[in-house]
Amino acid sequence: ACLFVSCDSDDVVNNQILPEADPFDLLLGEQVGTDNLFAIDFFKTTCESATDAHVFVSPFSVSMALNMTLNGAMGETEKEMLEALRASDYSIDQINEYSQTLREALLAVDPSTELTIANSIWHRNTLPLENDFISVNQRRYNAEVKALDFSSPDALTQINNWYAKQTDDKIKEIIEEISGGL
């Protein structure tokens, strides 16, 4: 498969003047490089293990989800997540700042393009979460953090309905089933 990208020096698209892109500072620029390494590795692993010839994946979505959950990781789990994200050289605060900056930049870059980023964390309703974990995910990722009884017959519907609402029904089913044991 090939991907071709074209750029034009014209600042006008569909008769609209495009806003100036906000420059990243050097550290954020370096983090884009580590994101790209993660994305390449993710695509490679996905292609090697895919059983279906038609697979659609978003390394951006996966890295955002991992970055969000990284805020609750400690010890060996935190270390392994940082390694998987190719982000061992960055603090969690730097990763959160970068993620927020990237999310906000993507949402603002082109007013003629509709882009929705719907972040959420669903946790077992019997599992209390740290207030800092909830706060950083709400503030940096604009994520909803919701408690859910995963054994409830309508748990799957609740999650899918939330995503459908966030995406104006463009994504009606984000998950097909909830694994036992959650």
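A: A crossing is called left-handed if the near helix is turned anticlockwise from the far one by less than a right angle, and right-handed if it is turned clockwise. In this predicted model, helix 2 passes helix 3 in a left-handed crossing. Leu66, Thr69 and Leu70 of helix 2 make the contact with Glu78, Met81 and Leu82 of helix 3. Of these contact residues, four are nonpolar, one is polar and one is charged. The axes of helix 2 (residues 59-70) and helix 3 (residues 75-84) come within 11 Å and cross at roughly 155 degrees. Angles over 145 degrees count as roughly antiparallel, and helix 2 and helix 3 are therefore roughly antiparallel to each other.

The aromatic rings may be considered next. A pair of aromatic rings is described by the distance of the centres and the angle of the planes. The count comes to four aromatic pairs. In one of them, the ring centres of Phe42 and Phe43 are 6.5 Å apart and the planes stand at 55 degrees, so the pair is tilted. Phe38, Phe42 and Phe43 form one aromatic cluster, and Phe43 is partly exposed at 37% relative accessibility.

The rings of Trp122 and Trp162 have centres 6.1 Å apart and planes at 85 degrees, so this pair is edge-to-face. The pair links distant parts of the chain, with Trp122 in strand 3 (residues 120-124) and Trp162 in helix 6, 40 residues apart. Trp122 is buried, at a relative accessible area of 18%, and Trp162 is buried at 9%.

Terms used: Residues numbered from 1 in each chain as written. Predicted model: local features only at pLDDT ≥ 70, side-chain atom pairs only at ≥ 80, totals over all residues. Heavy atoms only, no water. Axes fitted to C-alpha atoms, helices over the stretch in contact; angles between N-to-C directions. Helix = DSSP H or I, 4+ residues; strand = E, 2+ residues; numbered from the N terminus. Parallel < 35°, antiparallel > 145°, perpendicular 65-115°, else oblique. Contact = heavy atoms within 4.5 Å. Nonpolar A, V, L, I, M, F, W, Y, C, P; charged D, E, K, R; others polar. Phe/Tyr/Trp six-rings, centres within 6.5 Å; stacked < 30°, edge-to-face > 60°. Buried < 20%, exposed > 50% of the residue type's maximum accessible area, 1.4 Å probe, protein only.
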